[in-house]
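My notes follow in the order in which I looked.

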Amino acid sequence: MRMMAPSHAMTGVLTGVAATFVAAPLLAPDLWTTATTAVLTAGAALLPDLDHPQATATRSQGPVSRAACTGVRALSARVWRATATPRDGGGWDADGTHRHLSHTVPAALLVGLVAGLVSLWWLGALLVAWLLASLALRGLFGRAARSWLAVSGVAAVVAALAVVVADLPAWWLGALVAVGMVTHVLGDALTPAGVPLLWPLARRGSRWWMVSTPFTLTTGTRGEKAVQVISGAGTVSLVLLLAA
Ligand SMILES: [Zn+2]
């Protein structure tokens with residue numbers, strides 16, 4: 001049971017704006033900084049599901065992202081086998097692929113660090129921003145964003161706005177990747193299957209202890225719509241606060 005891409009993207013928009021708010025003393029954000037950060041964080045909030053063959057992120061770049069999915073799943077299974085205790089079941093496929101390594105805080109920090117380092121080079125920054133923007137468009141607009149060419153073109157405009165106009169620093173691109181990924185993990189904690197939020201720390205003899213909130217949502221239901229509406233309303237309130 002996966003939370004759907006639009007919900008992850010919407011919560012990513014919210015935490016992207018919130019992160020801009022928190023980092024305001026360092027960033028001195030203008031409208032472009034806030035808007036592009038929101039979009040890119042929404043894209044980053046789809047990244048962890050690259051460990052699922054049917055996820056939006058996996059289908060986003062054809063054979064390239066499918067190969068990335070295979071790699072992420074293989075690495076996840078390897079790390080799971082190396083660190084699991086007899087109490088760890090390995091999730092859906094009992095092999096530690098989906099909702100394992102890519103759904104941990106250390107993974108979010110590491111991917112954020114790599115994205116930040118890549119972004120030190122301006123072309124790298126454009127590539128990171130383009131990948132995130134193209135994910136965000138697919139997450140936010142669903143079926144309306146089916147054409148690879150159209151999505152890629154709009155994503156290129158967003159990437160140029162983020163890197164050239166808003167001039168987002170490399171450290172910020174890295175930070176928003178980590179924030180987006182952690183947002184995804186927290187979103188999945190709202191579903192009954194939970195997420196390995198504590199990894200690599202052990203709890204009750206389990207290192208892949210699945211954390212879920214006391215009140216969980218079934219995906220595709222009214223609860224999930226509520227997540228989207230609350231994220232949207234929260235974003236609007238924060239933007240108004242930022243503008244004031
Ligand atoms: Zn997930």
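How much accessible surface does the chain have, and what share of it belongs to carbon and sulfur atoms? I read about 11800 Å² for the chain, with 71% belonging to carbon and sulfur atoms. Accessible areas come from the Shrake-Rupley method with a 1.4 Å probe, and for residues only the protein chains shown count as cover.

Ground rules, for my own record. This is a predicted model, in which local features need pLDDT of at least 70 and side-chain atom pairs count only at pLDDT 80 or more, while totals for chains, interfaces and linings use all residues. Residues are numbered from 1 along each chain as its sequence is written, and side-chain values use heavy atoms, with hydrogens and water left out.

**Overall fold.** I find 10 helices and zero strands in the chain. Helices (H or I, at least four residues) and strands (E, at least two) are DSSP runs, numbered from the N terminus. Buried residues are 48% of the 244, where buried means under 20% relative accessible area, exposed over 50%, and partly exposed in between (1.4 Å probe, protein chains only).

**Zinc site.** I looked up the donors of the zinc ion next. They are Asp49 (OD), His103 (NE2), His184 (NE2) and Asp188 (OD), at 2.0 to 2.2 Å. Donors are N, O and S atoms within 2.8 Å of the metal (3.2 Å for Na, K and Ca), and water is not among the atoms, so sites may look incomplete. The donor spacing in sequence is D-x53-H-x80-H-x3-D. His103 sits in the loop between helix H5 (62-83) and helix H6 (105-118) and Asp188 in helix H9 (residues 170-188), so this pair ties together parts 85 residues apart in sequence. His103 is buried at 0% relative accessible area, and Asp188 is buried at 1%.

Why is the arrangement of the four donor atoms irregular? Their angles at the zinc ion run from 90 to 172°, which makes it so. Four donors count as tetrahedral if all angles lie between 85 and 135 degrees; four count as square planar and six as octahedral if opposite donors are over 155 degrees apart and all others between 65 and 115; anything else is irregular.

**Record check.** An unreviewed UniProt entry lists residues 107-133, 145-165 and 171-199 as "transmembrane region". UniProt positions are in the numbering used here, feature names are shortened, and annotations may be inferred rather than shown by experiment. In the model, residues 107-133 are 89% helix and 0% strand, with end C-alpha atoms 20 Å apart. For residues 171-199 I noted 62% helix, 0% strand and 25 Å between the end C-alpha atoms.

Most residues other than glycine have a negative phi, and most peptide bonds are trans. Arg99 has a positive phi of about 55°; Arg99 lies in the loop between H5 and H6 and is buried at 2%. The peptide bond from Trp199 to Pro200 is cis, with omega near 5°. Trp199 also turned up among the contacts of Thr83, with Arg207 and Trp208, leaving aside neighbours within four places in sequence. Contact means heavy atoms within 4.5 Å.
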